[in-house]
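Open the model in your viewer and keep the selection tool ready. The stops below are meant to be taken in order.

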Amino acid sequence: MRIKDYCILPYLSSTDQSGFPLVARIIQIFNQKNITIADSQGVIYHSAFLSGSLKRQATLAVGDFVRYEKIANSYRITTLLNRNNQLVKNTSAARKSVHVKNGIQLIAANLTDVFVVIACDQRFTISLLERYLLQFQVPNTKLRIILTKQDFQSDFLKIKQLILKSYPKLAIFAVSIYDQPSFAIFKKMLSNKSTSIFIGASGAGKSTIINQLAGQTLQKVGQVRFGDQRGKHTTTSARFYFINDHFGYLIDTPGIKEIGLTNTAGTDVFADIDDLAGHCRFKNCRHTNEPGCAIQAAIQTGQLDATRFQRYEKYRRELDHHHKNKQGKQQ
Ligand SMILES: Nc1nc2c(ncn2[C@@H]2O[C@H](COP(=O)(O)OP(=O)(O)O)[C@@H](O)[C@H]2O)c(=O)[nH]1
Ligand SMILES: [Mg+2]
Ligand SMILES: [Zn+2]
């Protein structure tokens with residue numbers, strides 16, 4: 001059987017850092033002095049802490065690769081290694097913690113798969129979906145939409161129709177606890193190389209999915225999932241799980257309330273609109289009533305939905321506002 005290496009070994013060989021044996025992965029963060037890390041042999045160390053300079057310089061997250069050293073009976077994290085990617089969200093600028101800096105909350109790093117979990121019994125809007133797609137499509141990951149509670153049949157059909165109307169090419173997967181085989185879709189999507197994150201509102205069914213995946217294999221191989229044994233039922237910070245090689249590493253997260261946009265690089269949600277804008281007669285077209293505006297023309301012919309374009313403009317203003325604020329703070 002393969003050892004649980006927390007994807008440290010492939011990371012080291014891809015970044016040519018094999019000369020540094022004391023590399024670990026962050027698997028849970030309670031605070032700066034209480035961080036759980038795992039090494040490439042699968043050994044877990046509790047209560048690791050950040051070095052003074054790391055405390056000042058960096059925000060850290062679950063999934064980060066770090067260097068550490070042993071000090072007496074403790075482990076000091078000394079260096080944050082380069083990230084392949086990171087998943088972040090906007091948060092109150094007043095907050096400060098090991099995950100938060102300048103109003104940006106770091107949720108997790110070094111991911112391969114992002115699962116946006118949306119429940120059919122909760123309020124759904126296309127704008128909510130678009131925010132997920134814009135904010136959480138991070139580089140080098142695959143983003144997928146999971147509709148949970150498919151047993152709420154009429155809501156499920158309504159939501160699915162709504163999504164496909166605006167985004168006919170989007171892959172949507174549906175699960176229900178009353179339909180055990182529905183969870184088999186994850187077997188095809190996950191692998192022993194994956195580090196997957198589940199994000200969505202509180203009550204969306206994120207923890208249920210992870211429990212379902214664990215349940216199936218727990219019965220078969222009797223493996224126990226790890227984590228602190230304090231028996232908290234609700235997830236208060238992002239948390240790593242290993243169930244078996246099939247599923248790689250899974251990260252459960254607390255419920256997201258609002259998705260403020262900070263960064264939409266790498267997303268193609270509005271590629272069609274960007275493309276149209278490139279065909280306007282004037283480079284600085286504001287797409288209102290300028291002659292030769294390709295966007296207004298597309299709205300006239302019904303090719304582009306006017307309300308979708310309004311939302312696009314709203315997201316753009318929000319992003320501009322965020323970047324201006326951020327620049328202001330850095331000066
Ligand atoms: N009807 C129904 N309820 C579900 C389903 N999946 C989860 N739930 C329920 O939804 C509630 C929230 O689930 P949970 O996994 O804790 O959500 P989380 O906050 O996203 O982790 C729990 O009471 C679950 O039993 C489902 O497929 N159908
Ligand atoms: Mg949960
Ligand atoms: Zn235009």
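The tour goes to ligand 1 and then to the zinc ion (ligand 3).

This is a predicted model, in which local features need pLDDT of at least 70 and side-chain atom pairs count only at pLDDT 80 or more, while totals for chains, interfaces and linings use all residues. Residues are numbered from 1 along each chain as its sequence is written, chains are lettered from A and ligands numbered from 1 in the order in which they are written, and side-chain values use heavy atoms, with hydrogens and water left out.

**Stop 1: ligand 1**

Select ligand 1 and the 14 residues around it (a residue is near if one of its heavy atoms lies within 4 Å). Asp151, Ile177, Gly203, Lys206 and Thr208 come nearest.

Now show the atoms of Asp151: a polar side-chain atom lies 2.7 Å from a nitrogen atom of the ligand. Thr208 has a polar side-chain atom 2.5 Å from an oxygen atom of ligand 1. For Ile177, look at the backbone instead, where an N or O atom is 2.8 Å from an oxygen atom of ligand 1.

**Stop 2: the zinc ion (ligand 3)**

Which residues coordinate the zinc ion (ligand 3)? Select Cys280, Cys285, His287 and Cys293; their donor atoms are SG, SG, ND1 and SG, at 2.1 to 2.4 Å (donors are N, O and S atoms within 2.8 Å of the metal, or 3.2 Å for Na, K and Ca). Along the chain, these donors follow the spacing C-x4-C-x1-H-x5-C.

Key:
Polar contact = N/O pair within 3.5 Å; in protein donor to acceptor, adjacent residues only side chain to side chain.
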